[in-house]
Amino acid sequence: MSDVAIRRALLSVSDKDGVVELGARLAKGGVELVSTGGTARALRDAGLTVRDVSDLTGFPEMMDGRVKTLHPMVHGGLLAVRDDPEHAAAMDAHEIGAIDLVIVNLYPFEQTVARGAERDEVIENIDIGGPSMVRSAAKNHRYVTIVTDPADYDELLAEMADHDGGTTLDFRGRMAAKAFAATAAYDSAISQWFAFADQGEKFPPVVSMTRKLVGTLRYGENPHQQAALYLAAGPHAQGLPQAEQVQGKELSYNNYNDAAAALELAAEFRGGRPAVVIVKHANPCGVAQADTLVAAWQAALACDDVSAFGGIVATNVPLDEPTAEAICAIFTEVVVAPGADEAARAVFAKKKNLRLLLTDGLPDPRRPGQSIAVIAGGILVQDRDNAAISESDLKVVTERAPSKQELRDCLFAWTVARHVKSNAIVYAKDGATAGIGAGQMNRRDSSRIAAMKAAEAAEKHGWAAPRTQGSAVASDAFFPFADGLLAAAEAGATAVIQPGGSIRDEEVIAAANEAGLAMVFTGMRHFRH
C-alpha cells in the first residue's frame, strides 16, 4: 500500500507553536484528535473536540504525567501491521484502534540544561513517552505518519490536501527518517550531559555526537569533493555560521576554513588596540595592531602583500570607512569583523563579490572544548589549545634580559605563532609581523623563509632594512639545534621567545649569548598541524 488515509491523530507536544492551527485543520477534515495534558488543554481552549489519551487507554495519567502514553492501546495502534491477519485479529480482540498520525516533539532537555537548571529539573526533562511514540510511529511508517518538527506542519497539510486526506509512502518515509534523527539527537544530548556535565568525564567510553545541517556548499577543498556545513547540536561558540553575511557570493569550504582561522587569531586581540589579521590557506601572512584600524591594516599588509592577494581579512573591532577603502584596494575574498559602520558597508558594496561577514562579537580564545581529527579507522580527540602565557610566566635564560619593547614584541610574535602551522617562526616588531615562516619540515627553513619574506618586503617598499632588524622572533616549539636561532640572529632579531625543553637547550642558550640575543622560555609548546 502507498497512500494511507488519516482518520485519527495523536498530538502531544512541548513546543506548541502552530499545533492549534494544525489541530483545527485536521478536525475540519474529519480527523479525530487524541491528546494529552497541556496539548489537550490548548486544543480545547481553541474550541476543538479532543479525546483524552486516558480515555483511549482506560488508565489515567499518573505519576506527575510520567506515565500516560506507555500503553498497548497506544503502541498497539501505532505498531500494528495492518494487513497482517494476526495483527488485525489482535487489534479486534483488544479493541485497539489504529492511530494514523502522530504529532510529537519532545521535552526541552537541551534548553533546560542551557539555562542552568538544577540536576533534578534536568532529569525531569528527559522525555520517555514521547520518544517511544516517535520511534513506534517511525518504525511503522508503512502505515503511520510521524511529524516531529512544527516547520513540517504546512507540508503535512499540503500532502493531505493533494492525496484526499492521506499521505504517501514517500512522505512518510522522509518524515520517519527525520523522526529517527530527532530521537538520536535527543538521546545524544542526554548521554553527553550525563558523561561530561553530570559525571565529569573528559573521554567517556562511548561518545555520541550530533550535528545539524546548515546547508551544502558548492564543493569541498577541491571541485571534485562534495561538502556541507553543519552546526554542533547543543552549546557551541558563536562564529562564522552565526554571522550576518551582508553581501557577496556564497562561502566556499575553503572560505569557511580560512575565515575561521582569521577570526580565531583576531579574537586573541579582543578588548585591545585595533588589530588586523590577513590569512591565506589557513596561515596568517600579516598581523598588526595600531592606534587606528587602517594603520593596523597597512602594517599587516606590508608584511607580505603578495600572499595577501585573494586572502581573508579579520579584525577585532568594527570596520570604518578608511579601512574599508584600503582593503578594497586589493582583491580580497572575505572580510570578517564584529561590525561595520554604514560608510564602511557602502564602500564594500561596490565590490559585489567580496563576502562581508559581521559576527557581532568575537569568540573567547580561552574557551574550553575539544578538537577532533578524523584518521583512517578512528577519530583523534584532544582539548582545544586554549592555554595562554603572560609576561609573568616568562623565564629569562640568557645573560641579557629583553627590554620592555622586546618583551612586547615577543608576546605579540608568540600570540601569532600559535596560529601558524608548524614548524612556525614569526618575527615581529612594534606590534606588527615582520616575517612569517609556516609549515616547514624543519625550524631552520621556517626561519629563513620568514627572513626572506621580510627582505622582499623591504626591497619592495624601499625600506633601509628589513623589519626583522631589531625584531623579536617566536618559535612554536623549542629549537632542537642552534641553527634555527642563528638564522634568526642573521636576520636581525635581537630577542627570542620559545618553549624551551630541548636536550640541547644549553647549546642554544650559549649560542644566543654569543650572538647577544635576549631569550625567554615559555614552558609551553603550540604545535599546529
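User: Let's start with T323: is this residue buried or exposed?

Analyst: Good place to begin, and do keep in mind that this is a predicted model. Buried means under 20% relative accessible area. T323 has a relative accessibility of 0%, so T323 counts as buried.

User: Where does T323 sit, and which side chain does the side chain of T323 contact?

Analyst: T323 belongs to helix 14. Its side chain makes a polar contact with the side chain of D320, at 2.6 Å.

User: Which other residue is found in helix 14, and what residues does that helix span?

Analyst: E321 is found there too, and helix 14 covers residues 321-327. Compare the accessibility values: T323 is buried at 0%, whereas E321 is partly exposed at 38%.

User: Which residues form the negative surface patch?

Analyst: Four acidic residues form the patch: E321, E325, D341 and E342. For reading such a patch, remember that a member must have over 30% relative accessible area and no salt bridge. E321, at 38%, is partly exposed.

User: And which residues make the nonpolar surface patch?

Analyst: That one is made by F196, V207, M209, I372, V374 and I379, and its area is about 540 Å². Take F196 as an example: this residue lies in helix 10, which runs over residues 169-198, and F196 counts as partly exposed with 32% relative accessibility.

User: Now for charged pairs. How many salt bridges are there?

Analyst: The general idea is that side chains of opposite charge can pair when their charged atoms come close. In this model the count comes to 25 salt bridges.

User: Which residue forms a salt bridge with K202?

Analyst: The partner is D383, and the closest N and O atoms of the pair are 3.0 Å apart. As for accessibility, D383 is partly exposed at 38%, and K202 is partly exposed at 43%.

User: What about D52 and R44: how do their side chains meet?

Analyst: They meet in a salt bridge, with an N to O distance of 3.0 Å. D52 has a relative accessible area of 30%, which makes D52 partly exposed. R44 is partly exposed as well, with a value of 34%.

User: Which residues do salt bridges with shared partners join into one network?

Analyst: That network joins E268, R366, D385 and R418 through salt bridges that share partners.

User: How many Å separate the C-alpha atoms of E61 and G18?

Analyst: The separation is 25 Å, for two residues that are 43 residues apart along the chain.

Technical notes. Residues numbered from 1 in each chain as written. Predicted model: local features only at pLDDT ≥ 70, side-chain atom pairs only at ≥ 80, totals over all residues. Heavy atoms only, no water. Patch = residues over 30% accessible without salt bridge, like charges linked within 9 Å, V, L, I, M, F, W, Y side chains within 5 Å. Areas by Shrake-Rupley, 256 points an atom, 1.4 Å probe, with all protein chains shown as cover. Lys, Arg positive; Asp, Glu negative; His and termini not counted. Charge placed at Lys NZ, Arg CZ, Asp CG, Glu CD. Helix = DSSP H or I, 4+ residues; strand = E, 2+ residues; numbered from the N terminus. Buried < 20%, exposed > 50% of the residue type's maximum accessible area, 1.4 Å probe, protein only. Polar contact = N/O pair within 3.5 Å; in protein donor to acceptor, adjacent residues only side chain to side chain.
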